[in-house]
Amino acid sequence: MKHFLAFLCLLEPLLCALTQCTFPASEFQLEGDYLIGGLFDIHHVSAPVYHDRPEAIDCSSQPFILSSYRRFQLMRFSVEEINNSTDLLPNVSIGYEIFDHCSDIQNFPGILDLISVNGLIQPWDEPHKNLSKVSKMIAVVGTYTSTETLTVAPLFMMNLIPMVSYGAASSVFSRKQNFPSFFRTVHPNKDVIQVIINILLHFNWRWVAFLNTDDDYGNDGLELFIKKIKDTEICLAYTKGLNHYTDYSQMFKTIAAQRIHIIIVFAAEWTAEALIDKAIELNVTNKVWIAGDAWSLNKRLPKKKRIKNIGTVLGVSEPVETIPGFSNFIYSSKSQTLCENEGQQKFCNQVCNCSSLSPEEILAADPSFSFPVYSAVYAIAHALHSALKCGAGTCNDNITIYPHMVLAELKKSNFTLLNRSINFDENGDPKFGSYSIVFWNHSGDAQVVGFYQFHPSVKFFINSTKVQWYTEGEVPTSLCSPECPIGYAKKQDGIHKCCFTCVICPNGTYVNTTEDAYKCIYCKETEWSAEGSTSCNLRVVEYIPFTDSAAVLLMFGALALVGLTLAMSALFAINYSTPVVRSAGGPMCFLILGCLSLCSLSVFFYFDKPTVSFCILRLLPFTLFYTVCLACFVVRSFQIVCIFKIAGKFPKLHSWWMKCHGQWLVITGAFVTQLLLILIGYSYEPPKPYNETIFYPDKIILGCDISLGASSGSVILLVFLSCLCFIFSYMGKDLPKNYNEAKAITFCLLLLILTWIIFATMYVLYHGKNIATLNALAVLSSLYSFLLWYFLPKCYIILFQPYKNTQQYFQGLIQNYTKTISQ
């Protein structure tokens with residue numbers, strides 16, 4: 001047996017030759033005039049490892065990530081393509097030094113090797129006269145995750161070494177004060193989150209869960225999501241940071257208990273795989289899963305047998321770009337039978353243990369972030385092209401290139417790659433690219449069903465008909481509470497605005513779901529709405545115009561009253577010396593008739609649209625001149641009583657009354673007092689136009705607003721005069737017939753009181769436009785009560801019973817009254 005083994009060892013060179021076995025150079029290094037560093041997590045630490053002392057990790061012992069290995073090969077291909085080109089860097093070669101960056105805390109030897117010069121770490125700004133002492137590394141491509149980048153980026157930032165990441169999407173990297181030499185060819189998290197929100201809004205999904213990797217990438221996505229949904233109707237019903245210790249069973253029970261049907265998974269590829277595997281294992285069904293760009297193009301999960309049971313998977317991804325020549329590169333590099341030779345390893349974490357992979361397996365891996373890797377390498381190459389002032393088939397070899405020079409040119413990047421314009425904004429974020437919206441179809445492929453375009457303008461589109469929903473046709477819903485019927489506002493129930501009860505909007509309010517679905521909005525004063533309205537209608541403006549039939553009759557009545565007062569005044573003037581005229585008041589009759597005519601002016605201002613002057617003139621003539629009328633009847637009643645009952649008992653009082661013209665003093669005093677009360681009241685709060693909108697929701701009744709406090713003095717004076725008049729007239733109810741004006745005055749006052757009681761009752765019970773007509777009618781009735789029941793009988797005697805209008809007739813009545821009293 002020993003001899004057989006020795007024989008095999010002697011034949012080893014011959015066997016290698018027969019099978020074309022070669023010992024290749026390491027895939028992790030390539031010599032060149034300038035070096036680009038590369039950081040790819042070909043392996044990934046799946047669980048936290050604790051050590052008693054600091055130590056570096058052996059990445060080759062960790063789980064292998066095929067999609068990352070594909071990106072690793074893409075960097076190698078990009079460098080080879082650039083070196084084979086005679087246009088970009090003629091006569092200049094670029095090499096690379098790539099490390100398997102599988103951990104964010106245990107990979108520092110590789111990082112320190114990248115920033116060292118001849119094994120020593122020196123600041124780049126020290127004077128280097130000898131080019132051999134200057135590091136050939138001009139930039140770094142990587143890393144993939146945000147947490148890894150946060151760990152290592154400061155080591156590159158301090159020397160302004162350009163770092164172009166193809167996967168780190170956390171918002172923190174846009175802060176140039178912290179990361180001055182950082183660039184990325186992948187869109188930051190805010191763009192992915194915006195696409196996810198657009199998907200939610202498109203399908204009217206309001207009640208969602210957000211599951212994220214419990215690291216810088218996932219937590220940043222969660223913060224952005226919460227911030228961006230603040231002004232939308234989307235509610236974050238549940239959130240969970242996923243890590244190695246997550247209790248998936250309890251998490252899915254909570255999601256089911258809250259009736260959440262939409263689950264956003266913003267996680268790295270390996271975390272999302274663990275989550276979906278658990279969902280299948282725990283028989284989670286009838287959900288819509290929205291995948292972030294880190295795992296939406298996963299190749300393993302869509303092929304799982306029970307993947308259909310979990311529901312429908314939508315995702316956001318970078319558009320899959322076919323990179324010309326990459327397939328040939330993979331087939332060429334993997335076509336030889338490679339003999340493993342650990343001696344080729346120059347540094348730790350540069351061992352892949354992946355020689356058994358076939359080209360088909362590599363090319364079939366998740367293509368996510370392929371173009372970001374490709375464009376990152378080309379961006380560095382174009383920056384070097386500008387720094388070396390390349391052109392006309394040659395580059396300037398006399399220029400010493402430092403990383404900060406490449407950094408300056410990267411900021412000015414503007415070139416075309418696969419028909420895309422590559423450039424960066426002031427934060428180092430890409431100003432190019434778009435997102436695809438994909439759906440995992442029943443064939444196990446990520447089918448493109450829409451897109452979100454960033455540049456030059458934002459465009460969003462989803463073809464919903466291409467999505468095969470688990471509901472078999474209908475788009476799934478996810479609402480905490482069903483939408484309210486039309487005309488109902490939402491009343492929030494709990495801390496989430498998506499959980500609510502429905503309350504119908506009462507009269508005078510409406511709900512506008514596009515403006516604020518949680519509020520019944522009050523209509524304007526000029527508008528109205530019925531219960532459960534979604535808009536307001538204009539109120540009908542109502543008032544009594546001059547052309548109204550009732551208004552015409554009342555104004556005609558007022559004019560007739562003026563005509564009657566003029567006629568009566570003429571009749572009394574002709575018969576001025578007769579006993580009937582003297583007993584009616586003599587000259588005072590003309591004052592009363594004149595004031596009644598002036599009072600009738602108020603009637604004309606109760607019609608048409610109210611103005612300030614109209615509102616004042618509704619009350620002023622009637623209040624002022626009716627006071628004079630009542631004062632005249634007060635003194636007239638007093639005089640009658642005084643002649644027949646008081647003069648004999650109090651002769652001095654009667655003498656003083658006659659001597660000082662007491663009746664005119666009382667009338668003048670009442671007039672002046674009322675005038676002062678009106679002036680004081682109007683100066684405090686004058687009548688003004690008023691829109692009545694309370695009693696009739698669909699109408700605006702134009703009226704006048706009369707302050708009770710401002711007009712109370714005038715009303716009290718009128719009531720006081722009426723009471724005095726009634727007292728004196730009642731005292732003279734048994735006087736001689738022809739001198740019994742007291743009975744007529746009493747009757748007139750009773751009519752006056754009855755008129756205003758009826759009006760007051762109607763004013764309380766009725767609030768329509770006709771209240772102005774009723775008010776004018778009450779005024780006119782008050783005037784006619786005195787005109788018809790006091791003056792008209794006197795006119796009748798003068799015209800038709802002249803025998804009663806003689807001195808002898810009156811003296812006979814007085815003598816009979818005297819005999820009756822003496823008996």
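Guide: Let us begin with a definition: a residue is buried under 20% relative accessible area, exposed over 50%, and partly exposed in between. The model shown here is predicted.

Visitor: Does Glu-483 count as buried, partly exposed or exposed?

Guide: The relative accessibility of Glu-483 is 42%.

Visitor: With which residue does Lys-490 form a salt bridge?

Guide: Lys-490 has 8% relative accessibility and so counts as buried. A salt bridge requires a side-chain nitrogen of Lys or Arg within 4 Å of a carboxyl oxygen of Asp or Glu. The closest N and O atoms of this pair are 3.3 Å apart, and the partner of Lys-490 is Glu-483.

Visitor: How many residues apart in sequence are the parts that Asp-705 and Lys-688 tie together?

Guide: The side chains of Asp-705 and Lys-688 meet in a salt bridge, at 3.4 Å from N to O. Asp-705 belongs to strand β27 and Lys-688 to strand β26, so the pair links parts separated in sequence by 17 residues.

Visitor: Which helix holds Arg-76, the residue paired with Glu-27?

Guide: A salt bridge of 3.7 Å, N to O, joins the side chains of Arg-76 and Glu-27. Glu-27 lies in the loop between β1 and β2, and the pair ties together parts 49 residues apart in sequence, because Arg-76 lies in helix α2.

Visitor: How many salt bridges does the count come to?

Guide: The rule asks for nitrogen and oxygen within 4 Å. By this rule, the count is 15 salt bridges.

Terms used
Residues are numbered from 1 along each chain as its sequence is written. This is a predicted model: local features need pLDDT of at least 70, side-chain atom pairs count only at pLDDT 80 or more; totals for chains, interfaces and linings use all residues. Side-chain values use heavy atoms; hydrogens and water are left out. Helices (H or I, at least four residues) and strands (E, at least two) are DSSP runs, numbered from the N terminus. Buried means under 20% relative accessible area, exposed over 50%, partly exposed in between (1.4 Å probe, protein chains only).
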